[in-house]
Amino acid sequence: MQKLKEKDLKQIRGGTTISGSIINAFTSLFKTLVSLGEKIGSALRRMGSGEICPLE
């Protein structure tokens, strides 16, 4: 195997790819955050209007 010179090493470029599992993870995270926002917004609206079910 031949050793590369420093000049040649500086010309090497790495690549990145976005795999399906990464996209799926971000989609799942986005759906979870949207659902959490809807639940918090609904709870705040119900507390503000006094339409909370009693705990008894």
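Good morning, colleagues. The structure is a predicted model, in which local features need pLDDT of at least 70 and side-chain atom pairs count only at pLDDT 80 or more, while totals for chains, interfaces and linings use all residues. Residues are numbered from 1 along each chain as its sequence is written, and side-chain values use heavy atoms, with hydrogens and water left out.

I begin with the overall form. The protein chain has two helices and zero strands; helices (H or I, at least four residues) and strands (E, at least two) are DSSP runs, numbered from the N terminus. Its radius of gyration is 26 Å, well over the 10 Å that the globule rule gives for 56 residues, so the chain is more spread out than a compact globule. That radius is taken over C-alpha atoms, and the globule rule is 2.2 Å times the number of residues to the power 0.38. Along the principal axes, the C-alpha trace spans about 80 × 20 × 15 Å.

How much of the chain is buried? Buried residues make up 0% of the 56 residues, where buried means under 20% relative accessible area, exposed over 50%, and partly exposed in between (1.4 Å probe, protein chains only). The accessible surface comes to about 5900 Å², and 61% of it belongs to carbon and sulfur atoms. These areas come from the Shrake-Rupley method with a 1.4 Å probe; for residues, only the protein chains shown count as cover.

Let us turn to helix H2, residues 20-49. Leu 29 is found there and is partly exposed at 46% relative accessibility. Leu 29 also belongs to a nonpolar surface patch, whose members include Ile 18, Phe 26, Leu 44 and Ile 52. Together the patch residues have about 1100 Å² of accessible area. Such patches are made of residues with over 30% relative accessible area and no salt bridge, with like charges joined within 9 Å and nonpolar side chains (Val, Leu, Ile, Met, Phe, Trp, Tyr) within 5 Å.

Helix H2 also holds Ser 21, which is exposed at 54%. Ser 21 and Lys 3 are 18 residues apart in sequence and 36 Å apart in space, C-alpha to C-alpha. Gly 37 lies in helix H2 as well and is partly exposed, at 41%.

Finally, the charges. Side chains of opposite charge can pair when their charged atoms come close. Which residue forms a salt bridge with Lys 10? The partner is Glu 6, with the closest N and O atoms 3.5 Å apart. A salt bridge is a side-chain nitrogen of Lys or Arg within 4 Å of a carboxyl oxygen of Asp or Glu, and the count comes to one. Glu 6 and Lys 10 are four residues apart in helix H1 (residues 6-10), and therefore separated by about one helical turn. Glu 6 is exposed at 56%, and Lys 10 is exposed at 64%.
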